[in-house]
Amino acid sequence: MPNRTQTGVTAPPSSGELERVAPAEAGQPSEQPQPTPAPAAEDKRPALDLIPGMRAGWYYRPTDRAILHSAFNGAPLTVIGFVPPVSGLVTNRSEDGKHNTVRYRLETVEGPRLVTEDELDTGAWAGKIGMPKPSGKDATQAFATLVRRHALDAPEAPSQVFRADDGSLVMPDSTAQEIGYRVTAGTEENAWETWPLIGYYAQRHGPTALVLGAAFAAPLTEYLTLPCHIQNLCGDGQCGKTTTQVVQACLYGSVKGDAQQLFRAWNTSPQGLPQILRAARFLPLFREEFSTLGMALRPAETLLSQIVGGADRAMGGKSGDALPGRGRFHSMLGSSSNRSLRRNGQTEDLASRLYEVRGPFWPNIFVDDSGAEIHDPETQQDGLHLSKWLKRAASDAAGWPLEWAIRRDFFELENLRKWAGMHGRLCQKYGTRKGGLAGTISEVHMLWVVGAYMLGEILDEVEIGKAAEKAAAALLADATVSAIAAHVPAGQMLWDALDAARVSPTDFPSIEHVPAILTDSRFPILGFTKGGELWVIPSRLDEICKRAEIENISAAIDDLKSRGILIPGDGRNDRRIIPRTLREHTDRIPRRMYSFSVTAAEDQFSPEGDQDQAPPAPAEVPDGELLGPGLVEQMELPDQPEEQPAPQPSKEESKEGSKPVSLLPRQEAPQAAQRAPKGRGREVGAEMLYRAVEEVLEAKGGDVEAATAALVKRSIPDGMALLKATRIAGRYEYTAYPAAPEILQKTTKGGADQIWEARPKWVNKSLDAEERQLPIQALDANGAYLSSLKTHLPIGKLQHGTGNQHDPRRSGVYEITPPEWDHPHLPNPLGNREVGGKLWIADPTLRLLLRLSKAKGNRPAMCEAPVIHQSWTSGSSENLLEDFRCVLRDAREKAIAEEDSVLLEYVKAMYSKVVSTMGESNANHEIRRPDWMHIIRAQAFANLWGKALKAHEGGLIVVKATGTDELHVIGDWRSVFTEGRGVSDMKAKGETYTLGGGK
């Protein structure tokens, strides 16, 4: 046990732990031991006080704060212990300033410690200050009584922010709470050297300035009647997320030590974090690495919803009455994660109160020990990366920005009105006029901008606010799109699943075909169509909802019923009796089925239905129009931007982008940004891709060759996982294993099916002697298969069709009689085919021939249209693999820019092997779409043919076209093509040659 002389209280007399007082004289009656009388001038013994409310024999000696006890009449007094000094009565007030509970601040050599009423009554307080627990009820009561009496003379110290009578915010005392607010580190002089430099680096990177502003404006959230919210910093590892959170937290107090709760990991119980948030009330908290929570996103959303709902919790007492609560959380919770916390189908509370800002954060520079930037590359190795300096410097100067704000009355009513005025003007400048979800998102972003201007005023760095305002204007549109698309009502999720399922006429045939289909057990149906109605078998609806991950089917059905989309049956029955023509088949289908109005669904879920939530366009913000704290009162309201009509697709776009013909009228698909978070699938896919490379490199100890080999080996399953991840926001659920028609089936093992892919293997035989002596340059098209993923792919099972008609809304394979080709200076679009007559081709080849059969500009038609005899097609989409393609394209560009050979080879293997194995391959069991494989390959060949035509029309002589990516030309090819390594560029392949040079 520590020496009691080191507890911060007056030491007992040197005579020892026991003090003896002379007993009463013998024979003198006495009912109780008498206290020592007040000493005369010559009496040196200290005075004793009876402890109020205690039984006889308990005394308090003020001179050394000792508690003494006499066991019986005439017994000597024994020192029980020493009462620690009470330096404050810590009060917990409601949000409007009314008292709820109190605690006591006890002083020790380790600093002040807080004890509760229950800890006083049980004696548990002693362990918190390093003293033995009082023995017995009387001793415990004696200490508790004296602590409480001494607290009456101590100053009040608020433990939570509350509103004063005039509306100002009263901040908690640094020693009245243990979260860490207002606990300063280092000297104020050092802080004045550190924080302006941190602000300078923040204003050099707009998003960083914005998130610091978000933290500093958090106490204003409730005053401006904005919802509490979560700001999640997300992005790849080492992009500055943790550094930024440390700086955010250090604006408010110290993040050192295990006791503080200001900045911790997400690792918490579902009850623990909300309790801390209620204690924080108007002030922010910060939690890093969402993955440490140990929960998947979907189950964790219950906790996130509780947080953005204010972490409110009502509790009852033993009497059955409600106990006084600690209030609600009215501020911002800062979070960080590698993966996005957004997903399609989130509830509206998270859609409007969960915001994400993607890294990287802070400038990527090196500094010396004082924080000065090192510009000389040769001396950078002797310095620190800015992120390391920031974490150290902010921690060593923690808490001072909040102190400076309090000293300058930033939270007094007059200044609160000033910040509210600035916020209102910013909202009018950048917000929407229709309110709703978009309006809330705009208001929260403008709150962050106000915080940046506040911080800039404190640090005398006004550029912080300007940088944050520009960043907010640039991020606002994407934030709004992300929130709107993430919140898909339960009914819309169900209809989207039904809408995707009804693509195939075999799953939802027209009612007149149902009796015949029901007689054949090989073709189970999901339902049928009748006029403008979609009828669904209840058990099949459950299967559709399970595939679409719709958890609450009843809520989805109720939602569609309230919208007038579900057509209910008689009475309270949600299911209708099937039409009379089918009632004799109730042995095969149920008597009652769900019935949905397609017309009502299209009216409800069309793109126009979301216009009231349309996001504002990113604003251009000239420096002269930025707000500043000194301009709030005198500035005029800026003009609001004109509302722009929603962009309408061109006729050509409408034609190409319309949906497949089915037995029911279909609506145009809403724009991707209105259906799901913009780039949501791409974000998830990119995170998977980069994380895989990082993990394998780490597992291989940084061995590049070993990591590359391991990644290439797993590129097929990884590629399919990436494809699924990028389809999370897709409108359609494609069929992975449809039954293939005979023409797509291989006749022998290792043989081929009947589809001609039009692979070119062509040499220009019309060159004259002079042209044959000119230098020829072989060119290589970059990422040919990658670019060919942008093609019209059939969604469902292929259906047989006849007739000489091509429906651009469908895709598949076609039997044609090809046209004659009479252009010896260009390759035949059908490739190197020597056999004439009918043949089966894929959709890209047919589209190419159809385009060439029509005049375009000054170019006349180059051939007749092919004759279509029959086809196997399905409704199609050109964007089925678009996010998959874009993720791989961006990763390829990143790998080239950073000379990352591991990532580059991984990406190449992924798209090439996925395409080559999606037909019939034992290496890929995730999909069996030989039609897709042929179509993608044919698209690559058609793309190469298009480059040959471009070269010819650009004045080059096309000498050779072969494979998917090789083109040989004569002439200044750089005047026609862009040279580079991008997927739209061409690059030279070897040296030039002549036909007489032996190549």
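Residues are numbered from 1 along each chain as its sequence is written, and side-chain values use heavy atoms, with hydrogens and water left out. In this predicted model, local features need pLDDT of at least 70 and side-chain atom pairs count only at pLDDT 80 or more, while totals for chains, interfaces and linings use all residues.

Empty space was examined first. Rolling a probe the size of a water molecule over the atoms shows where such space is left. A cavity is a set of points, on a 1 Å grid over the protein atoms alone, where a 1.4 Å probe fits but cannot get out. Grid points are joined across faces, edges and corners, and a volume is the space filled by probe spheres set on the points. Three cavities of 30 Å³ or more are present. The largest cavity holds about 100 Å³ of space. Its lining (residues with an atom within 4 Å of a point) consists of 16 residues. Nearest the centre of the largest cavity lie A758, P760, P829, F941 and W945. Helices (H or I, at least four residues) and strands (E, at least two) are DSSP runs, numbered from the N terminus. Helix 27 (843-852) and helix 30 (930-953) each contribute at least two residues to the lining of the largest cavity. Helix 30 gives the largest share, six residues. By class, this lining has 12 nonpolar, three polar and one charged residues. Here Ala, Val, Leu, Ile, Met, Phe, Trp, Tyr, Cys and Pro count as nonpolar, Asp, Glu, Lys and Arg as charged, and the others, Gly among them, as polar.

The second largest cavity holds about 50 Å³ of space. Its lining residues include P738, A739, A740, P741 and L744. G796, K797 and L798 also line the second largest cavity, as do R928, R929, P930 and D931. The classes in this lining are seven nonpolar, one polar and four charged residues.

Charged contacts were considered next. A salt bridge is a side-chain nitrogen of Lys or Arg within 4 Å of a carboxyl oxygen of Asp or Glu. The structure holds 38 salt bridges. One of them joins R105 to D173, with the closest N and O atoms 3.3 Å apart. This pair links distant parts of the chain, 68 residues apart. R105 belongs to strand 6 (residues 99-106), whereas D173 sits in the loop between strand 10 (169-170) and helix 4 (188-203). R105 is buried at 8% relative accessibility. D173 is partly exposed, at 27%.

A salt bridge also connects R407 and E188, at 2.6 Å from N to O. Again the pair links distant parts of the chain: R407 in helix 11 (residues 400-407) and E188 in helix 4, 219 residues apart. E188 is partly exposed, with a relative accessible area of 25%. In another salt bridge, D890 meets R889, the closest N and O atoms being 3.0 Å apart. D890 is partly exposed at 33% relative accessibility, and R889 is partly exposed at 22%. Elsewhere, salt bridges that share partners join E117, D121 and R148 into one network.

Two strands pair if DSSP finds at least two bridges between them. Strand 23 and strand 30 (residues 957-962) run antiparallel and are joined by three bridges. K761 has T962 as its bridge partner in strand 30.

Some backbone angles complete the description. Most residues other than glycine have a negative phi, and most peptide bonds are trans. The peptide bond from G359 to P360 is cis, with omega near 10°. P360 lies in the loop between strand 15 (354-358) and strand 16 (366-367). R182 is not a glycine, yet has a positive phi of about 65°. R182 is found in the loop between strand 10 and helix 4. E289 also has a positive phi, near 55°. The loop that holds E289 runs between strand 13 (285-288) and helix 8 (297-308). E289 is partly exposed, with a relative accessible area of 23%.

Notes. 1 Å grid on protein atoms, 1.4 Å probe; cavity = no way out; pocket = protein on both sides within 12 Å on 5 of 7 lines; lining within 4 Å. Buried < 20%, exposed > 50% of the residue type's maximum accessible area, 1.4 Å probe, protein only.
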